[in-house]
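Reader: Hi! I have a protein structure to go through and I'm new to this. Could you walk me through it?

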Amino acid sequence: MQFNVQDMTCGHCVAAITQAVENAFPQAKVSINLEQHRVVVDNVDDTAAVRKIIEEEGYTPIPAE
């Protein structure tokens, strides 16, 4: 699954999102492109749960194709 997260602006943001998703889903593979504001999460099927986790970290994830 992929999200656009326009309010993700720095390395701290990347670390916070990565850690939060991996804590909730240890099998998750999180890759983030900060320049494109793109978060990709593999090995997890629950898009709504991942979106909520990112929101709880204070960001605004928008599902992307």
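Predicted model: local features only at pLDDT ≥ 70, side-chain atom pairs only at ≥ 80, totals over all residues.

Reader: Thanks! Where is Val50 found?

Author: Val50 is in helix α2. Helices (H or I, at least four residues) and strands (E, at least two) are DSSP runs, numbered from the N terminus.

Reader: And which residues is Val50 in contact with?

Author: Setting aside neighbours within four places in sequence, Val50 is in contact with Met1, Phe3, Val21, Phe25, Val41 and Val44. Contact here means heavy atoms within 4.5 Å.

Reader: What about Val41, which residues is that one in contact with?

Author: With neighbours within four places left aside again, the list for Val41 is Met1, Val21, Ala28, Lys29, Val30 and Val50.

Reader: I keep hearing about a core. How many residues does the largest nonpolar core have?

Author: The largest nonpolar core has 18 residues, and among those with the most contacts inside it are Val21, Val41 and Val50. Three elements, α1 (11-24), β3 (38-42) and α2 (47-56), each supply at least two of its residues. Helix α1 gives the most, with five residues. By definition, a nonpolar core is a set of buried Ala, Val, Leu, Ile, Met, Phe, Trp, Tyr and Cys residues joined through side-chain atoms within 4.5 Å. In soluble globular proteins, nonpolar side chains tend to be buried together.

Reader: Nice. Let's zoom out: what pattern does the chain follow along the sequence?

Author: Read along the sequence, the pattern is β-α-β-β-α-β. That gives two helices and four strands in the chain.

Reader: And what is the radius of gyration of the chain?

Author: The chain has 10 Å, which agrees with the value near 11 Å that a compact globule of 65 residues would have. The radius of gyration is taken over C-alpha atoms, and the globule rule is 2.2 Å times the number of residues to the power 0.38. The C-alpha atoms fill a box of roughly 25 × 25 × 20 Å along the principal axes. Of the 65 residues, 35% count as buried.

Reader: New topic, cysteines! How many disulfides does the structure hold?

Author: It holds zero disulfides. A disulfide is a covalent bond between the sulfur atoms of two cysteines. The cut-off used here is a pair of cysteine sulfur atoms within 2.5 Å.

Reader: Which residues is Leu34 in contact with?

Author: Leaving aside neighbours within four places in sequence, Leu34 is in contact with Met8, Thr9, Cys10, Gly11 and Val14. Leu34 lies in the loop between β2 (29-33) and β3. Leu34 and Cys10 are 24 residues apart in sequence and 7.2 Å apart in space, C-alpha to C-alpha.

Reader: Last topic: how many salt bridges does the count come to?

Author: The count comes to two salt bridges. A salt bridge is a side-chain nitrogen of Lys or Arg within 4 Å of a carboxyl oxygen of Asp or Glu.

Reader: Which side chains meet in them?

Author: Glu55 and Arg51 meet in one, at 3.5 Å from N to O. Lys52 forms another with Glu56, where the closest N and O atoms are 3.9 Å apart.

Reader: How many residues apart are Glu55 and Arg51 in helix α2?

Author: They are four residues apart in helix α2, so about one helical turn separates Glu55 and Arg51. Lys52 and Glu56 are also four residues apart in helix α2, separated by about one helical turn. As for accessibility, Glu55 is partly exposed at 40%, while Glu56 counts as exposed at 56%.

Note on methods. Residues numbered from 1 in each chain as written. Heavy atoms only, no water. Buried < 20%, exposed > 50% of the residue type's maximum accessible area, 1.4 Å probe, protein only.
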